[in-house]
Structures are given as structure tokens and as C-alpha cells.
Amino acid sequence: MRRDRSHGRMTFALAAAALVLLCVAPSRAAEPDPAATEAKAAYDRGAAAYEHGDMATAARELARADALLPNPVALASALRAAIEGDEPVLGMELATRASGRSEETGVAELVRAARARFGGRVGKLRVICPGPCRVAVDGAPFEVNEERFVRAGPHVVAIEQGTTREEIRTDVPAGAAVTATPKPPSEATKAADRSGGLSPVWFFVGLGATAVSGAVLTASSLQTKGLHDDFVARGCPGPAAPRDCRGIASDGEGAQLRTNVLVGVTAVLGAATITLGAFSLGRRDAPAAAQLSFETLPGGGVAKVSVSLP
């Protein structure tokens with residue numbers, strides 16, 4: 001055990017020395033390289049975590065140090081920490097990274113050990129998003145349109161595009177590659193609108209009420225016109241007007257008032273039908289149009305109501 005720990009300390013010392021040399025080698029007068037500075041800080045954090053037995057943190061920080069400033073000793077140390085800490089996803093990522101550096105043959109044994117231990121416990125997942133979006137897998141941020149290692153088994157992929165959020169449940173078999181894609185935006189939007197909208201029944205109820213009100217309005221208008229025509233035919237008003245002109249005039253005024261009230265009621269029902277149609281038919285963002293006209297005729301009028309959803 002002491003031998004292994006001593007070997008670990010020696011490895012870290014060599015890696016730290018290599019990183020320091022790389023940081024200062026270009027020029028003493030040159031400005032510090034931010035990437036090299038952060039790489040050295042990440043390596044120090046990884047070395048400290050390794051010494052305290054926190055292999056998960058050690059592997060993560062050492063991997064970051066190598067990503068910022070590639071260094072074969074840092075990469076080997078990260079791989080060793082991932083294996084000792086039983087981190088299958090990071091271990092396979094580091095093994096793949098090491099395989100792409102043909103000159104670093106010193107980590108080949110660690111690569112073989114990582115693949116033998118973790119190969120049957122991970123798979124690959126790619127989330128394809130056609131436009132700008134944010135992706136999380138099991139609550140953790142995930143790179144879009146890139147194939148990444150994940151633990152084999154079920155996962156929840158959350159995709160946010162604008163105001164739309166979709167969850168995809170997928171299962172990634174060991175050693176396999178799975179691709180997750182969201183629904184086309186138009187379908188996802190329609191589905192969200194349908195799930196959150198009113199029942200279409202309300203639209204047809206409103207449409208029926210508007211039609212009934214329009215029919216009563218038309219009948220009232222025709223009655224008003226009939227009373228007016230009768231009033232004129234009897235010579236009202238005039239010197240030879242019959243005595244019942246006052247009664248006809250009173251009936252005509254009542255019919256006219258009723259017709260005017262029905263015009264307002266029909267207009268309100270038409271506007272309500274527009275709103276119900278926009279929400280219950282899944283067209284919240286679609287402009288709706290309504291037209292209400294009242295044609296005044298002698299002694300009455302005819303109402304024309306039109307409600308349309310494009």
C-alpha cells in the first residue's frame with residue numbers, strides 16, 4: 001500500500017513539474033497563459049483530492065487539467081484515479097482521449113484496464129436538436145449533437161427550445177449507441193396547446209349560441225320592418241290616420257328596442273366564440289376575425305354575423 005501511495009506521489013510530482021515547465025517555457029517576460037494557469041490549478045486540486053482518497057474529484061480535476069493543457073502524466077493520473085474511484089463514464093472518456101494520442105504509449109496499460117472494467121457498463125448517447133436548445137440528461141447539462149458516454153440503463157432527456165420543454169425517456173444498452181431527437185417544433189407546439197387548451201365543445205356551444213341569437217335577431221328585425229310597413233300603409237301619421245296608429249307605433253318602438261338589444265347580445269356572443277375557438281381548437285397564436293354588420297331598413301334591420309378562425 002505504501003509503495004502504491006509513494007508511486008502516486010512521485011507521479012504527481014513529475015506531472016506538476018512538467019506543467020510548471022510548460023507554463024514558463026515560452027518566455028519569462030511573456031504574459032501568463034490563462035489556460036496553463038487554470039490547468040496547473042486543476043492539477044493541484046486533483047493531486048490534493050487523490051492524496052485524501054477522493055478519487056472521483058481527483059479524476060475529474062486531473063481530466064480537466066489534461067483537457068486544458070494536454071500532458072501524458074496528467075492523463076495517466078486521471079485514468080488511474082477514475083479506475084480506482086470506479087467512474088465508468090469518465091474512465092471511458094479518458095480511455096478514448098488517450099487512444100487518440102498515438103505517441104502516449106505509456107498509458108496503454110491503463111486504457112486496457114479501463115476498457116476491461118467499464119466497457120460493459122456504459123453506452124453512448126447523442127441528442128440531436130435542429131435549432132438552438134438546452135439539453136439535460138438526468139438533470140445534468142449535456143452537450144448537444146455530440147456522442148457522449150453514459151451509464152447503461154434508463155435515462156430522462158430534457159430538451160428546452162424557447163418556451164417548449166420536452167422529456168424523452170430512453171434506454172441505453174451497454175456497448176450500444178442511442179440517438180434521441182425531439183418532436184418537430186410544430187407538432188410539439190400543437191401538442192402543448194391541445195393539452196393546455198379548453199375542450200372544443202365550448203367553441204361549438206358558443207358558435208351555436210351565436211347562430212341562435214343571430215336567427216332571433218333576424219326574426220325581430222323582420223317583425224320590426226313589418227310593423228313599420230303596416231304603419232306606413234295605414235297612412236300613419238297623417239290627417240286621415242286611423243285611431244290605432246298609436247298602438248302600431250308603440251309596438252314598432254318595442255320591436256325596434258328589442259332588435260337593438262339583440263344586436264348587442266349577438267356581438268358579445270360572437271366575440272366570446274372567437275376566444276373559445278382560439279383556445280379550444282389549439283390556435284392560441286392564430287389571429288381570429290369577426291364581422292358584425294347591421295343593415296338599417298325602413299322600420300327595422302337585418303343583422304349579419306361572421307366568425308372565422310384562419
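Here is a walk through this predicted model, from the whole chain down to a few contacts. Residues are numbered from 1 along each chain as its sequence is written, local features need pLDDT of at least 70, and side-chain atom pairs count only at pLDDT 80 or more, while totals use all residues. Side-chain values use heavy atoms, with hydrogens and water left out.

Let's start with the overall picture. The protein has nine helices and nine strands, taken as DSSP runs (H or I, at least four residues, for helices; E, at least two, for strands) and numbered from the N terminus. Of its 310 residues, 34% count as buried, meaning under 20% relative accessible area with a 1.4 Å probe, protein chains only.

Now take strand β1, residues 122-127. β1 runs antiparallel to β4 (residues 148-151), joined by four bridges, with V122 opposite R151. β1 also pairs with β7 (residues 177-180), this time in the parallel sense and again over four bridges; here K124 stands opposite A177. Pairing takes at least two bridges found by DSSP.

Next comes helix α5, residues 88-99. Its 12 residues should span 16 Å at 1.5 Å a residue, and its end C-alpha atoms are 16 Å apart, so the two agree; the expected span is 1.5 Å times one less than the number of residues. The buried residues of α5 include L90, M92 and L94. The buried side of the story links back to the strands: these residues pack against β1 and β4, as well as α3 (55-68), α4 (72-84) and α6 (108-118), where contact means heavy atoms within 4.5 Å.

Technical notes:
Buried means under 20% relative accessible area, exposed over 50%, partly exposed in between (1.4 Å probe, protein chains only).
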